[in-house]
Amino acid sequence: MWSGVGRGHSSTGLKQNVKRVRLMPTKRLVSSTPSIHRHQREERNRPRSAAFYYNQKTIDDAAAKPSVRLTPATILYAGKNSDGAHLLRSSQYLQRELPVRIAHRIAGFRTLPFVIGCNPTILSVHELYIQAFHILNEFPEIQSLEDSRKYNGILRELLDAHKDVVTHLASGFRECRRYDEDLIGQFLDRTLTSRLGIRMLAMHQLSLHDEQPNHVGIINISMKVKDVLTKWCDFVSHLSQYKYGRSATFKLSGHINAAFPYIQLPLDYILPELLKNAARATIEYHGDVLPEDMPPITITIANNDVDFIIRISDRGGGIPHGNVNTVMHYNFSTATDEENMDDHHGGFSGMVEAANSAQTAGPMYGFGFGLPTSRAYAEYLGGGLHLQSMQGIGTDVYLRLRHVDGKFDSFRI
Ligand SMILES: Nc1ncnc2c1ncn2[C@@H]1O[C@H](COP(=O)(O)OP(=O)(O)O)[C@@H](O)[C@H]1O
Ligand SMILES: [Mg+2]
């Protein structure tokens, strides 16, 4: 478990070392929801020794267990019992599974180089995971539907408490930019995709209880890609108006009537990121032409038995040769630091939150997390994200995702 910690140190040496250090995170990121709040009050002001982060037997035991991942088709065809037995089964699965997954992530935080792991923002996220582990692990065994409902209450609170984790990681790692990029990339790929998986499972459980038409839990049994795209094009148009006083136009083509079972949640993260990038490039590259003369962003949908592909083509000048290999790195952005300050400390992020209750869409640009996170999500979902830059003209982004209807292999959540 200690392998990879503080490269250059022997693991036992580091272990002894960290025990003597007292770590006091400067920020506590826990939400204000009632029972988590109670937990937080009890914990508050207790000085954190490094042992709190690094030595916890229950976490070590859970981290040693394997995770049990399900295919969306298993979830889709799991069946529904009139007495609610399916709800009970689903909560019992989560009760076994979530502490294991969270313990794996905590083990990941522990393998970060010591200087990075001590960054106050990263340490606070680490602490949030430890708290979540204990809250879930100490929940009494689920035996009835009533227990399952109580467990759902805890899940809701945890989803809320963790909603800003990506933003916190983005700002924490920005402060550590000069450290080993590959190692940080692997840590973030794993942490963010695992977080996506946990959120999908938790939201699925909650949606099974509050049944929505046309859905089995989080799976929309006939998701219309065009509707999801239209929603995010509108969102990005509003954001561009706010940021630049003008917006690019979007044109849809290809299989615009395609509809099939899918999970919208990851698309609600990936699509706004790709569309914001295309809109920013278009608007900044064509700053001197009338808005109506700006070339539209063309989105093409292709659907087939195995997967579906969304291509977003902009005429925003392309990605310069020198940046082609770095745009996929976490925290790489061509935004200046002043632009970051404007966006994150002005009224802008408030506007984004208001416009997007799912709070997934973030500011127009600046963190350098849009592309790497989208690619990690797409690969986690059995697909991929590829860029083709035609320098001097524009960029084509191909998002490829596998179907989840069970006809072909898909992925495991
Ligand atoms: N469609 C595009 N056209 C030109 N440059 C792009 C495009 N998409 C991404 N980029 C470049 O890649 C960088 C990283 O993108 P991203 O990961 O979304 O971070 P951010 O948008 O926060 O800067 C951007 O800052 C921009 O320079
Ligand atoms: Mg971006």
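Okay, one idea before we start: two residues are in contact if their C-beta atoms, placed from the backbone, lie within 7 Å. Keep that in your head and look at Tyr 129. Leaving out residues up to four places away in sequence, Tyr 129 touches Ile 102, Arg 105, Ile 106 and Phe 109.

Now, what we have on screen is a predicted model. How many helices and strands are there in the protein? There are 16 helices, plus 10 strands. The protein has 413 residues, and 36% of them are buried. And how about contacts along the chain? If you take the contacts between residues at least 6 apart in sequence, 79% of those join residues at least 24 apart.

So how confident is the predictor? The average pLDDT for the protein is 85, and 82% of the residues score at least 70.

Which domains does the core draw on? At least three residues come from domain 1 (12-216), and at least three from domain 2 (220-402). As general background, nonpolar side chains in soluble globular proteins tend to be buried together.

Next up, the ligand. Which residues come nearest to ligand 1? There are 20 residues around it, and Asn 277, Ala 281, Ser 333, Tyr 365 and Gly 370 come nearest. Two helices, H13 (264-285) and H16 (370-380), each supply at least two residues of that shell. H13 gives the largest share, 4 residues.

Let's stop at a pair of asparagines. Most residues other than glycine have a negative phi. Asn 214 isn't a glycine, yet its phi is positive, about 70 degrees. You'll find Asn 214 in the loop between helix H11 (181-209) and strand S3 (215-216). Asn 331 also has a positive phi of about 70 degrees, and that one isn't a glycine either. Asn 331 sits in the loop between S8 and H14.

Are they buried or exposed? Asn 214 counts as exposed because it has 10 C-beta neighbours inside 10 Å, and the cut-off for exposed is 12 or fewer. Asn 331 counts as buried, because it has 20 such neighbours inside 10 Å, and 20 or more is what buried takes.

Ala 335 is partly exposed, because it has 16 other C-beta atoms within 10 Å. Gly 366 is 31 residues away along the chain, but the C-alpha atoms of Ala 335 and Gly 366 are separated by 5.3 Å.

Last stop: Asp 405, in the segment after strand S10 (394-402). Asp 405 has 17 other C-beta atoms within 10 Å, so it is partly exposed. What does Asp 405 contact, apart from its neighbours within four places in sequence? That would be Ala 73, Phe 260 and Pro 261. Asp 405 and Ala 73 are 332 residues apart in sequence, but 5.8 Å apart in space, C-alpha to C-alpha.

That's me done, thanks!

Note on methods
Residues numbered from 1 in each chain as written. Chains lettered and ligands numbered in written order. Predicted model: local features only at pLDDT ≥ 70, side-chain atom pairs only at ≥ 80, totals over all residues. pLDDT = per-residue confidence, 0-100. Near = placed C-beta within 6 Å. Domains from an automatic or database assignment.
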